[in-house]
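This report goes from a single residue to the whole protein. The sequence and the structure are shown first.

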Amino acid sequence: MSESLNGKGLRLVPKTDAKQTLKDFKSDQEVRWCPGCGDYAILAAVQSFLPELGLKRENIVFISGIGCSSRFPYYMNTYGFHSIHGRAPAIATGLAASRPDLSVWVITGDGDSLSIGGNHLIHALRRNINLNILLFNNRIYGLTKGQYSPTSEIGKITKSTPMGSLDRPFNPISLALGAEAGFVARTIDSDRKHLQSVLREAAAHRGTSLVEIYQNCNIFNDNAFEQLKDPEVRDDITLRLEHGQPIVSATKAVRRGPNGGIEVVDRATVAPEEILVHDAHNPDPSVAFALSRLDEPAFEHVPIGIFRSVDRPSYDELLNEQVDKAVAAKGRGELRDLLLAGDTWRIN
């Protein structure tokens, strides 16, 4: 056994000398999603990616909330916790803060994380807890049979909105950037190469990484992202975000607009020097936020890749530094002394 940094630059984590494969991360549980669900592709991508980390399986934890995606921990041959609706980031925060030797992954969906779990999500992001959040976005409630979700488009016809949804949807990328998340990315279930490249960067990032994964629910919201998969149009509408590279698709380009924002134009009409070069490491999130708005309203052009990747100390790193300083100065305390300190009284 050897030791190495846990990928987030914190403390030494035991690594395995044994060669691992996808099979090592498959559990003995039957995978129970609807045939054709995009979750299968994401599961296979994650299982085949994890051996790259070289971590012992007992040092990897998957925590989920409630929803179709939240079955994920059952199918991973690691530690896992199927928690309660929307609370996975809160539970993962406690684990990551108390066990810096673990690689902690949160599996959630657009309904789980952006409705009842919205508050937990944004605070995990702003605190920069040392964990990875994979947000499966299918723009529908799948487990409860097809109600509109916080990411469903205006006018969405569902069982709960038979005349069309009136709610303006959340943009998960914009929300994460507004919460000052240090690592924010978007990928898609059917593009394994891109999905795994984003997971690789997320795992290496220090602090919270949020990866939105466009995931198809073929039963209740089929073809929600068909434009990004259709070979006839996908290369034209997909704007690849690669640090240090011009932001372009096959036929479109992004440039600074006259009002100080950004705009998408015909690539053939713009000079190369006018095309915006992507800077994922810019500490100012304003350009990344502007990029996150480009998929509105109807996938005419969609940025895919890492919007932001900036380094700053993680919450749990700073927390453990405080604990170490306190212990060095005063020694380890007793829980009984803490409970009886300050304003206490006895009831006879």
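A residue counts as buried when its relative accessible area is under 20%, with a 1.4 Å probe and protein chains only. Because its relative accessibility is 0%, Phe183 counts as buried. The model that gives this value is a predicted one.

Phe183 is found in strand S7, which covers residues 183–188. If its neighbours within four places in sequence are left aside, Phe183 is in contact with Val198, Glu201, Ala202, His205, Thr208, Ser209, Leu210 and Val211, and also with Ile306, Arg308 and Ser309. Between Phe183 and Ala203 the C-alpha to C-alpha distance is 10 Å, while 20 residues separate the two in sequence.

Turning to the protein as a whole, there are 10 helices and 12 strands. The radius of gyration is 22 Å, close to the 20 Å that the globule rule gives for 348 residues, so the protein is as compact as a globular protein of that length. Further values for the protein are set out below.

| Property of the protein | Value |
|---|---|
| Span of the C-alpha trace along its principal axes | about 75 × 50 × 45 Å |
| Accessible surface | about 17,100 Å² |
| Distance between the mean positions of the 39 positive and 42 negative charges | 5 Å |

Of the accessible surface, 53% belongs to carbon and sulfur atoms, and 49% of the 348 residues count as buried. Among the contacts with a separation of 6 or more, 67% are accounted for by residues 24 or more positions apart.

How values were computed. Residues are numbered from 1 along each chain as its sequence is written. This is a predicted model: local features need pLDDT of at least 70, side-chain atom pairs count only at pLDDT 80 or more; totals for chains, interfaces and linings use all residues. Side-chain values use heavy atoms; hydrogens and water are left out. Helices (H or I, at least four residues) and strands (E, at least two) are DSSP runs, numbered from the N terminus. The radius of gyration is taken over C-alpha atoms; the globule rule is 2.2 Å times the number of residues to the power 0.38. Buried means under 20% relative accessible area, exposed over 50%, partly exposed in between (1.4 Å probe, protein chains only). Contact means heavy atoms within 4.5 Å. Accessible areas come from the Shrake-Rupley method with a 1.4 Å probe; for residues, only the protein chains shown count as cover. Lys and Arg count as positive and Asp and Glu as negative; His and the chain ends are not counted. The place of a charge is taken as NZ of Lys, CZ of Arg, CG of Asp or CD of Glu.
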